[in-house]
Amino acid sequence: MDIFLQQLINGLVLGSVYALVALGYTMVYGILELINFAHGEITMMGAMVALSVIGALALAAPGLPGVLVLGAGLVVAIPVCVALGLLIERVAYRPLRHAPRLAPLITAIGVSIILQNVAMLIWGKQYLPFPAILPQGRHTLYGASITDVQIAILLLATAIMLLLILMVQKTRLGRAMRATAQSRQVASLMGVDVNRVIAATFAIGSALAAVAGVMVSAYYGLAHYYMGFLLGLKAFSAAVLGGIGNLGGAMLGGLLLGLIESFGAGYIGDLTGGFLGSNYQDVFAFFVLIAVLVFRPSGLLGVRVVERA
Amino acid sequence: MTGRRLAWVMAAAVLVAGCGDKPQQNGDSQVVLIGQASPLTGPQAHLGKDNENGARMALDEINAAGLTLGGKKVVLEMRSEDDAADPKTATTVAQKLVDEGVVGVIGHLNSGATIPASKIYSDNGIPQISPSATAVAYTASGFKTAFRVMTNDAQQGTVLGDYAVTKLGAKRIAIIDDRTAYGQGLADEVEKAAKAAGGDVVAREYTSDRSTDFMAILTSIKGKSPDLVFFGGMDPQAAPMIKQMKQLGMKAQFLGGDGAQTPNFIELAGAAAEGAVASNPGLPLDAMPGGSAFKAKFEAKYGQIQNYSPYAYDAMHVLIAAMKRADSSDPAKYLAELPKTDYQGVTGHIRFDAKGDLAGGAVTLYQVKNGKWQTLETVQSGK
């Protein structure tokens, strides 16, 4: 039971990070039907920028409480990532908005490679340590343990997701976003500034990515120029699993993927009597993804969209 | 017009300079070329240069003492090449060395470069001694020309597995590897040796060399309450792994190979690194039989020792000693003498087994104490 509970905690923490990143993919897809492959790299940039700020602060003012230093890292990382997201949208996607769908997909992959290499040039190829500034508290719960950092990730991710849903459902910008998602032409005929809405979508997605990036590097204690690639791929899969374009779907997909990975890696060896080991954890996760897509091609919460004429 | 004249002058200069590259017969002494290959550019350039310096120091000493082979006075000259730690470049420079007419090679530094180059040396019958390649595959190809003066991964794994049971007192052992040739190879040897020593391998889990999340496999391992967790892999995985062990409240001892025995491991893992044990093939410099004397001589000439220069130094001496026994620098003749090597070097007693591996290679174990790697002890493999 304690093992089961522990795997549940592991899965939820991992899943809420996936969910935050998946939201960025799904928001952009919902509005532009574009898969923004550079999103994983924005997450990485967020982690790297925050790490630099935290490193500099830890040197300049060693006495500051860890949470404050982390906050400062976030305060710098978020605007940097938002600016980066806006720049990418303006330079790489907006000029191609009326081009065939494959063109922006290719530029997205290009931007992703450029960002990786820029990060490698700035921060180097080695793994960077995340300073141990956070409280290392650990709590025991029915035999399972949960750290302060894990609790913080769960709470922060939940709060951000609730705020996002509120924003999309209740504010003018949210309404404009939903309208643009349904039909760009009609929305613009109704007086919605489509370019601004799209820019806002990129900005919000990038801010979420920055937070997720800082979370990941604080949780695992390191950052690396390549870290965005795998994280981005997993989050994208989570978005597809939940139904890409659907906010609730991205959250559900992220959590599910985290749980599947955690339970898969934890139990697959024992369940198959050692025939399949934890080296099959990704196989297991993607097998579930394929199975879901076979029966529900538009994802768990996705609705079948009629192709526009 | 001046441009053309300049070109002629330069061409002539190149020709003259080119002559200097050929083996010469000056007077009655004969020049014999020895090759050296290691990364001299790129992130490992400091290690490559260190190997070059070690080999050069041995060569200079032999020349100073005077060498006579087959009744002729011989002057040794070194041809040092940059393999950039890259397998493809390694084959190019290996071919270049062979074409230049070297009679033996000290190198390469990395296993990845040493293995493809070894085929070229073997095809041309040129003996090769690597001072630092540890991959089992290097000598497993069965080339008669391939030797090394460094403990290999299999020897290291055997020592680690045995040490876990007999010295660290672990009865229940969990093993994780990163599914790379290095990590998996090391983990397999550890598993074999641990079982042979009477240990119980309670879990065998896998990850990748890209992962940073090990919570799921560690939780599963925790449920089997092991005394010790061995990880075969590199420091970017080992560091978050030991952190997550602490997060899960695991009390098991962490054990790693040379991929984890790095300063970077301590930097990445921080306080969680405390108490971790990991090994590195070979001896620490101060424990080598000729360590302090070598250090004094080397540092007076080339500055600080990086890592493998004592091994490169010994490799050169072993190579030339074989030539002396054969009384010839002809590879076809002195190659037969190399397997009979019995040499007391700076790094220890050097003999080769049937495959060309160092017989009874040493493995040293280290533990993190007060944020630094401290030597625990050195174990001879095969004992």
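This is a predicted model: local features need pLDDT of at least 70, side-chain atom pairs count only at pLDDT 80 or more; totals for chains, interfaces and linings use all residues.
Figure 1. Of the 309 residues of chain A, 49% are classed as buried. Chain A contains 11 helices and four strands. Its C-alpha trace extends over about 60 × 55 × 35 Å along the principal axes. The radius of gyration of chain A is 20 Å; a compact globule of 309 residues would have one near 19 Å, so the two values agree. Among the contacts in chain A with a separation of 6 or more, 76% involve residues 24 or more positions apart.

**Figure 2. Burial and fold of chain B.** Chain B has 383 residues, and buried residues make up 55% of them. Its secondary structure consists of 13 helices and 16 strands. For 383 residues the globule rule gives a radius of gyration of 21 Å, and the 23 Å of chain B is close to this, so chain B is as compact as a globular protein of that length. Along the principal axes, the C-alpha trace of chain B spans about 80 × 55 × 40 Å. Of the contacts in chain B between residues at least 6 apart in sequence, 67% join residues at least 24 apart.

**Figure 3. Helix α12 of chain B, residues 309–326.** The end C-alpha atoms of α12(B) are 26 Å apart. A residue is counted as buried here when 20 or more other C-beta atoms lie within 10 Å of its own.

**Figure 4. Contact between chain B and chain A.** Chain B contributes 24 residues to the contact, and chain A contributes 22 residues. On the side of chain B that touches chain A, at least two residues come from each of four elements: strand β9 (200–206) and helices α8 (215–222), α9 (235–247) and α10 (263–269). By residue class, this side of chain B comprises 10 nonpolar, seven polar and seven charged residues.

Conventions:
Residues are numbered from 1 along each chain as its sequence is written. Chains are lettered from A and ligands numbered from 1 in the order in which they are written. The radius of gyration is taken over C-alpha atoms; the globule rule is 2.2 Å times the number of residues to the power 0.38. A residue is buried if 20 or more other C-beta atoms lie within 10 Å of its own, exposed if 12 or fewer, and partly exposed in between; C-beta atoms are placed from the backbone. Two residues are in contact if their C-beta atoms, placed from the backbone, lie within 7 Å. The expected span of a helix is 1.5 Å times one less than its number of residues. Ala, Val, Leu, Ile, Met, Phe, Trp, Tyr, Cys and Pro count as nonpolar, Asp, Glu, Lys and Arg as charged, and the others, Gly among them, as polar.
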